[in-house]
Structures are given as C-alpha cells and as structure tokens.
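This report was prepared for a reader who wishes to examine the model alongside a written account. The sequence and structure are shown first.

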2 protein chains.
Amino acid sequence: MARIVQKFGGTSVGTLDRIRNVARKVEAEVKAGHEVAVVVSAMAGVTNQLVQNCTDLNRIHDPKEYDTVVAAGEQVTSGLLAIALQTIGIPARSWLGWQLPLRTDDTHGKARILGLDTGAVVERMAAGEVAVVAGFQGIDANGRITTLGRGGSDTSAVALAAALNADRCDIYTDVDGVYTTDPRIVAKARKLNRITYEEMLELASLGAKVLQTRSVEMAMKHRVPVQVLSSFAEETGSALPGTLLVDEDRNVEELLVSGIAYSRDEAKITLVGVADRPGVAAGILGPLAEAAINVDMIVQNVSADGRTTDLTFTVGKADLDRTCQVLDAARAGLGYQRLVADSNVVKVSVIGVGMRSHAGVAQRMFKALADRGINIQVISTSEIKISVLIAEEYTELALRALHTTYGLDQA
Amino acid sequence: MARIVQKFGGTSVGTLDRIRNVARKVEAEVKAGHEVAVVVSAMAGVTNQLVQNCTDLNRIHDPKEYDTVVAAGEQVTSGLLAIALQTIGIPARSWLGWQLPLRTDDTHGKARILGLDTGAVVERMAAGEVAVVAGFQGIDANGRITTLGRGGSDTSAVALAAALNADRCDIYTDVDGVYTTDPRIVAKARKLNRITYEEMLELASLGAKVLQTRSVEMAMKHRVPVQVLSSFAEETGSALPGTLLVDEDRNVEELLVSGIAYSRDEAKITLVGVADRPGVAAGILGPLAEAAINVDMIVQNVSADGRTTDLTFTVGKADLDRTCQVLDAARAGLGYQRLVADSNVVKVSVIGVGMRSHAGVAQRMFKALADRGINIQVISTSEIKISVLIAEEYTELALRALHTTYGLDQA
C-alpha cells in the first residue's frame, strides 16, 4: 500500500465527463489498495472568467477580494469530484483551503504556503476516504482566503504530498510529460523519462509552463517524487509513462543538456550614457526594486571614453511601461542620456546539470547561433543554465538549431 | 445614524452593471451616515447551473458536497460587490458564512441557523467599512459549509439584521413590494404599504414567493423591521416605497383580508374504503411522516355505512410518486380499497388578521366561489387564513373573484 497524491489541472476537469474520467483514475489507485488524496484546479475557463469579472469592475482591485472570488472555482470542482467519486462507490469528501487548513502568508494573489495541517485528512484517508482538496487556495492568519498564483494547484499538490509524506505525487496535465523543448515549435522534441529537480526548476522559471516554479522548488526541498503525466493518455492512445522528477544521482540519462526553454515575456531596456562610476548600477536598480519590478539579465558595457557607459537589462513585458516611468522620474538623479526600450526579444535558455562537469557547453551554444546569423544581445549564466537574449523573430530557428546541436532530436 | 441591512437577490446582482447599481444603492445609505451590512445572493442563473452540475453527476448526491458546490455562487458575488464598492470609494470587505461565522445545524441543503457572531463585523462597521455578507450559507459544528435552502439569503439577511439589532432590513427584489395577489394574474392587484408579520408568514408559506418563509418567521420572532422593495425602481420609473412588515398594532390599513395566495404545488390523494375506526388516520399518516413527506390539508368523510370511510389529503406535487409508493407498500396494514391521486388541483388561500375579529369571512369566500360554479374539494382554516383546494383550471377565475369580493381591487 502506498500513499498517493494526484493533481488534475483545469483541462482535466473541464467538463462533467472529464470529472467522471478523473474519478475513474482515482478509483484505479484506490482499487490498487492505495490511500489517495486528489488536488483539483478550477474547471477550464472558470478562473479566467472570474479574474475577468474582477478586472472589469476595477483594473486595480483589492487582492483580498480577488482571492475570495477566484477561489470559488476550485471549491466547485472539489465538491463535484467528491460527488463523482461517491457515485462510483468511492468514499470521498472535499477539503477547502481553510478547512485543512493550508496556512499561507497574506500576500494575496500570490501567497506562499507556511504550513499544512493534515491530521484530519490522514485519519479519513486511513479509514478509506479519498481527500479531494481544492488546489490554489489557502487561508492567512486573518482568516481570509488566499490564492497561490497562476498554476498554484501544482504547489498545493506538492505541499500536500510533502506533508503527507506521500510515496508519489502525480501531476496530471494536458501534455504527457516534460519535453526537451516546446514540441509545437520543434517537431523532433522528445519526452524526458526523468529530469532532475534542479533542471526542472530552471525549465519552469525560464518559460516552460508544465509546472509552477514554486511547486518544483518545494518538490526539490522535500524530495517529493513528482511525476508529470497526461490525463488523456487513453484518449490519445499514448502509453508513455510521463516524466519523473529525480535527484541528480538517480538521473541515469546523463544528458549534457536536458532541455531548451524560451520566454517571450521579456523586454530589454538600455540606458545610454550612464556615468561610469561605482554605485551607478545600484542607483538605477534601486528605484526599480522599490517599485517591485524584477530585473532579470543585466549587462554593463565596458566604457569607451572612461566617463560614460551603457547599461542594459531585461524586465517582464508587463512591467515595461512602469519601468520606463520609474526611470524617467528618476532621470535627474541617475543622469543617463537616453533610454532605449525593445520588447521584440526572446530569452532562450539551455539547461542541464551536465554543464557542471563539462566545459564548452556555452561555446557550442554561441557557435550554433552565430552559424545561423543570430546576434546575441545579452548573456546570463548559472551553474546549470545559459540564457541568451535574441531578436524574437529568430525564436524557432534558434530552438531547432540548439535542439540539434545538443543531440536532443528524436531518432 | 442608523444601522441598516440591505439584501439583494440574484436578479439584482445578475450582471456586473447591476452589481455596480447595487454599489450605488449601498453608497446612498453610507453617504446618509448609516452603518451598512449587505447580504447578496448568487448572480442570477449561477445557482441553477451549479445545482444542475451536481444533479447531472448524481441525481441523489451528497448534500454536504452539494452545499460546498452551490455556496460558491454567493462567495463570488460578495467578493465582486466588495470590489465594486471599493471602486467608488466605499471601504468594504466580503464575509463568507464560515468567516462570520453564521452557525447552523447540519441539515445540509436546508440548514437552520443556530447563531451568528457579529463581533468582528460590528467593529469594522463602526470603523466605516461596509460588510458584504454572502447569503444562503453557514457552517456546521463539523466545519462543513451548509446552505439554507432556496431563498435562504432572505433568512441570512433577517438573521443578520436581528443579530446586529438593525434599524431596518431592506430586501431588494425584482418586484416593488408585496401585492394583494399575483399581479400577473389579477391586473387589479395592488401593492400593500404594510402587512403584518403573521399575514406575510401565511402568504409566504401559501405560495407567494416574495420572501422565504423562514425569513418571515425569524423577522416575526425578533421583530425585525423588514421592508420589501424593488432594486429596479429607477429603471422602471416606480417611486413606490415598498412594503413594510409590521406588528399587528401598527397595521393601520385594517383590511379584512390582506392578500390572496395560491399554490399549484399541490396534489390530492384520496384513500377510498378506509375502515372507520379510531387510529386509522394516524396509521396512514405515520408511514408518510417516516418517509419525511409533509401532509397539508386533511379531511375525513363521515362514514355512510358506519364501517368504511374516505380519507383525503394533500402533499407536495414533488412527493406524489413517493407518497403513492409508501401507501402501496403499506396497503395490507392500512386496508384501504382504492387510492385516487389528482395533481390537477390548486390551493387558494385568503389571508388577513382581520378574520380574528370579523365573522363571515369564510362564508363570503365560499359564496364567491359557488357563484362562479367552482367546486371546493377540501377546506382548511387557521386563525388568519382560509385555504380551499379547487380544480386547477379555475385558478385565475377564483383569484379574480376573491380579489373583488374582499374589496382589494385598485381604484
């Protein structure tokens, strides 16, 4: 007997028929003798509609009330799945965030999990009852509903699996696993049977949308055995086993590079003619940090004249207007000559724990891009990834070239 | 400064525009210097859809999960109205049933209110914040969400008004008050400026759908000054003040009869050839009570032969099939000869506290119906109402005749 957490996303519970289908997947684990907790998202489209209603009433709405409104989506699904399970003879009950409780901080709209009480759930599961947990939601110290941000149900599932010390956390989604890159762009992309937590974390934070970044952080921290797999395997005829997140020492595939991610959600800003003296970068980034704008890649040119230089960095596309406003307001103090903004850029990243022990990975990337005449605008690296900023129009070309370069193409 | 509870039904919050309209009605009371709590229903159509989903999954679904699912509707509206209020500069926050908490028994789907803690709400209201309370929902001793039955938001509002010792409880709806009878049937029906709690209670329980019966019971018990009025007064150009529920001694209109109600939700059952001996009625009604079937009007004929008699009674139309099954199963023990069921009946009732002090009210009713050739099948009376069961086809004729007979027609 094992203890299993299953998570089903919005598409997987998008209709009553699909909820019935989910119930049968839960039934299969119960019939196999396992204790099961299920985490559900809102039915596809519901969250978008609720968000839209809040935004239509007020573009800048109270995040506390937003959370109260949008959490209703997962509440409905949890109740409906409990009914669907009972209907096929599986004892089940729904658990809302405040009922567990799943305690979070009070960062409404993007709350962080502080703790999760599973005493009552464990007791019921031991008695053979399936716990159907509304994902995405928690409760703060003031007793208000919080939500965990888009994709937060993944994090709910991993947190629950960690708290339950589950043997497996199966994330059912509308793709059948984690791919070497986006299969819609690179036809030869292939599904990975295993990927390390570290690589998955980079993939998620660099643009691959399979799992919420925080859920991977949490899985890595608590070593939760997460598996990403398709809820439509029967429909599509796919019998693939999904992708397992593993520790580095269990990753037998030993690829130099495991995946190639891209993010179009980038905008580049160059401040031309910045004084070349100590503290100027800090002086520029300070006001942005105060405005809660995340700066990603940063590069400072070597000064040509010894007195002024250029500073280039990227921010999220959604923050571009605000960034320009902040910098404009601070211009007198910063003393730059000109601000150049460009949102026609894409960040392409290659990720692999193999980089730690192999030299030349970056060199191969730069050469592959240069061979296709693709100019690299900004570079940033970490221990297990290299990211470059290039013109957006080269996205597909760059992805395909790199996929081939690192030997990831399907046979 | 007064303390006011406002309640808005599903039609009144059916679109974002209408929610904005509600916000302006709340604003008017706040601007007048009052402390305001608002109770909201789910947006029109939402509850029906959620109920349908539960029923589609399982016709006989777990009422605990049903409550979790359907309570989401009011949750959404409360958050949206809070946002709409904040948008026009009125401090507001939503309160869900479990957040107040509004404590109920565990009769899921039709729970009764046990108590309502208003400490936190009173504090916030005193600080100028509008409390937007999700109607229809509460929490039981097990921490599960409960709902109060169809129309339960009325009861939430009156309970809140009682707990807050409010100066007024304004129930905004899609009609502009309580009418002497259904204006869709009797064109000459007129709005009552005042009606006693007792009369309203009879009207509500006898088929008028303006207020949930329990809300009137609770208003009567706690002497809550309830006012029924239209949320669309501006749209329809009506400047009518609505209908006020009052104590009998404050009812200055002194009508003999205040209203005429009708209910098509009736079915008549006659058991022919029942033994005419003590205890036989109890023997028949016992199995029905055990099956939780409510029996309304009951009449036992005088025995012609001294040995057998007929017993006639009414049940809700929805219970007719089940009633026949129960009686059929118990036939051997009951020993009746034949069961005759008829669902083509309507119950018409005249209601008025004036009956207490005036004789001849019933006589006038019977004569008015007889003059139109309408046969009375069953009669039942209470201190302030007389109900008769007649063939359904005479509904409109009977209502109009009685409306004229008791002098209720508009000038």
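Predicted model: local features only at pLDDT ≥ 70, side-chain atom pairs only at ≥ 80, totals over all residues.

Residues are numbered from 1 along each chain as its sequence is written, and chains are lettered from A and ligands numbered from 1 in the order in which they are written.

Chain A contains 13 helices and 20 strands; helices (H or I, at least four residues) and strands (E, at least two) are DSSP runs numbered from the N terminus. The C-alpha trace of chain A spans about 80 × 50 × 35 Å along its principal axes. For 411 residues a compact globule would have a radius of gyration near 22 Å, and the 23 Å of chain A agrees with this. That radius is taken over C-alpha atoms, and the globule rule is 2.2 Å times the number of residues to the power 0.38.

Chain A is superposed on chain B by a rotation of 180 degrees with 0.1 Å of shift along its axis, at an RMSD of 0.1 Å. The two copies are thus related as by a two-fold rotation axis. In chain A, the C-alpha of A:Ala72 is nearest the axis, 2.6 Å from it. Superposition is by least squares on the C-alpha atoms of residues with pLDDT of at least 70 in both copies.

The contact between the chains draws 27 residues from chain A and 27 residues from chain B; two residues are in contact if their C-beta atoms, placed from the backbone, lie within 7 Å. On the side of chain A that touches chain B, helix H2 (46-57) and helix H3 (63-87) of chain A are the elements that give two or more residues. H3(A) provides the largest share of that side, 14 residues. The same surface serves both copies, as 100% of the contact residues of chain A recur in chain B.

Within chain B, helix H6 (residues 197-205) and helix H7 (residues 213-222) pack with their axes 9 Å apart, at an angle of about 165 degrees. H6(B) and H7(B) are therefore roughly antiparallel (an angle over 145 degrees). The residues that meet are tabulated here.

| Helix | Residue range | Residues in the contact |
|---|---|---|
| H6(B) | residues 197-205 | B:Tyr197, B:Glu198, B:Met200, B:Leu201, B:Ala204, B:Ser205 |
| H7(B) | residues 213-222 | B:Thr213, B:Val216, B:Glu217, B:Ala219, B:Met220 |

Key:
Axes fitted to C-alpha atoms, helices over the stretch in contact; angles between N-to-C directions. Parallel < 35°, antiparallel > 145°, perpendicular 65-115°, else oblique.
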